[in-house]
Amino acid sequence: MKLSKLAIGLCLSFFVSHSMAQVEDTTTTSTSTSAPTDDVDKRTTTTSTETPEGVTTTQTTDDYDRKEEGPGLGGFFIEPGIRYDNLSGELDLPAPFGVSDVEAEGVGANLRVGFHLLDVMFLAAEGNYSQMHIKNDGGDRYSADGSAHSYGPTLGFQTPWAGIRVWGTYIVNGEFDPTSHNGINLKFKDLNGYKVGLGARFKSFGASVEYQDATYNDVDVQDAGLVAGADDLDLKHTGWIGQISFPISL
């Protein structure tokens, strides 16, 4: 009799355990990734839960992974570029030459190296080099080719990643050394002035235009007959500079 009760108890225990296992909640999880957009990848997670009563509930969660991080607090950048200069001004020479209107144009390269804050404000040292051609308005008295360079600090503002950029540059110094023509050999030195720029930028590509107002405070007349070696000469010029540049954050 005791053995019969023990056998019945074991059977009941097995039956109850098996029944409880059959009615436990059942949970399944699936994950899918949707097509990425320009800025983010979207990942969708779906969780389904079945209750003992046979009722199924579903919960969907969306996660977003950015493809690019923000600009951060700040960092260094370099910005090489190519440029086209178109300048004009007045060259003040002593008698018998007097004041002559001149034009200068050419192509060259420039480089900025500096620091940006939140990709919104930037401060840089800028250097420029150009191959220029200078001539007087008539082109009959003076026409020569030469190399020019200048440098100075730049402070600017921009919208992050893409958009409008504005800046100003103070020209600390520069020189322009044309070749000799018609017995006139001039070297323009001690360049001072400013540039203001406006442009557009898309990530690592920029296009802009600058207005320059500057003066070569010293013109070394190396060969010009009786006035060779004359002092207190200058060349004042203004004009426009077109640029294509490639800003790269480091």
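**A buried network**

Author: Start with Arg-112. This residue is buried, with a relative accessible area of 3%. Buried means under 20% relative accessible area, exposed means over 50%, and partly exposed is in between (1.4 Å probe, protein chains only).

Reader: Before we go on, where do these numbers come from?

Author: This is a predicted model: local features need pLDDT of at least 70, side-chain atom pairs count only at pLDDT 80 or more, and totals for chains, interfaces and linings use all residues. Residues are numbered from 1 along each chain as its sequence is written, and side-chain values use heavy atoms, with hydrogens and water left out.

Reader: Ok. Which side chain meets Arg-112 in a salt bridge?

Author: Glu-79 does, at 3.5 Å from N to O. Glu-79 lies in strand β4 and Arg-112 in strand β5, so the pair ties together parts that are 33 residues apart in sequence. A salt bridge here is a side-chain nitrogen of Lys or Arg within 4 Å of a carboxyl oxygen of Asp or Glu.

Reader: And is Glu-79 buried or exposed?

Author: Glu-79 is buried, with a relative accessible area of 1%. Glu-79 also forms a salt bridge with Arg-165, where the closest N and O atoms are 2.9 Å apart. That pair links distant parts of the chain: Glu-79 sits in strand β4 and Arg-165 in strand β8, 86 residues apart. Both Glu-79 and Arg-165 are buried.

Reader: What about Lys-195, which side chain does it meet?

Author: Lys-195 meets Glu-126 in a salt bridge, 2.5 Å from N to O. Here too distant parts of the chain are linked: Lys-195 is in strand β10 and Glu-126 in strand β6, 69 residues apart. Lys-195 is buried at 2% relative accessible area. Glu-126 is buried at 3%.

Reader: Which residues do the shared partners join into one network?

Author: Glu-79, Arg-112, Glu-126, Arg-165, Lys-195 and Glu-210.

Reader: How many salt bridges are there in the whole structure?

Author: The search finds 10.

Reader: Let's zoom out. How many helices and strands does the protein have?

Author: The secondary structure comes to 1 helix and 13 strands. Helices (H or I, at least four residues) and strands (E, at least two) are DSSP runs, numbered from the N terminus.

Reader: How much of the protein is buried?

Author: Buried residues make up 31% of the 250 residues.

Reader: Which strands pair with β7?

Author: Strand β6 (residues 121-136) pairs with β7 (residues 143-158) in the antiparallel sense over 15 bridges. Strand β9 (residues 173-178) pairs with β7, also antiparallel, over 6 bridges. Strand β8 (residues 162-171) runs antiparallel to β7, joined by 5 bridges. Two strands pair if DSSP finds at least two bridges between them.

Reader: Which residues stand opposite each other there?

Author: Lys-135 stands opposite Ser-143 in β7. Ser-147 has Asp-177 in β9 as its bridge partner. Gly-156 stands opposite Trp-167 in β8.

Reader: How many residues sit between β7 and β8?

Author: The two form a hairpin with 3 residues between them. Trp-161, in the turn, has a positive phi of about 65 degrees.

Reader: What is the phi of Asp-190?

Author: Asp-190 has a positive phi of about 55 degrees, although it is not a glycine. Asp-190 is found in strand β10 (residues 185-202), and is partly exposed at 34%.

Reader: New topic. Which residues form the negative surface patch?

Author: Glu-90, Asp-92, Asp-101, Glu-103, Glu-105 and Asp-137. Two elements give two or more residues each: β4 (74-92) and β5 (99-117). The largest share, 3 residues, comes from β5. Patches are made of residues with over 30% relative accessible area and no salt bridge: like charges are joined within 9 Å, nonpolar side chains (Val, Leu, Ile, Met, Phe, Trp, Tyr) within 5 Å.

Reader: Is Glu-103 buried or partly exposed?

Author: Glu-103 lies in strand β5. Glu-103 is partly exposed, with a relative accessible area of 39%.

Notes: Accessible areas come from the Shrake-Rupley method with a 1.4 Å probe; for residues, only the protein chains shown count as cover. Lys and Arg count as positive and Asp and Glu as negative; His and the chain ends are not counted. The place of a charge is taken as NZ of Lys, CZ of Arg, CG of Asp or CD of Glu.
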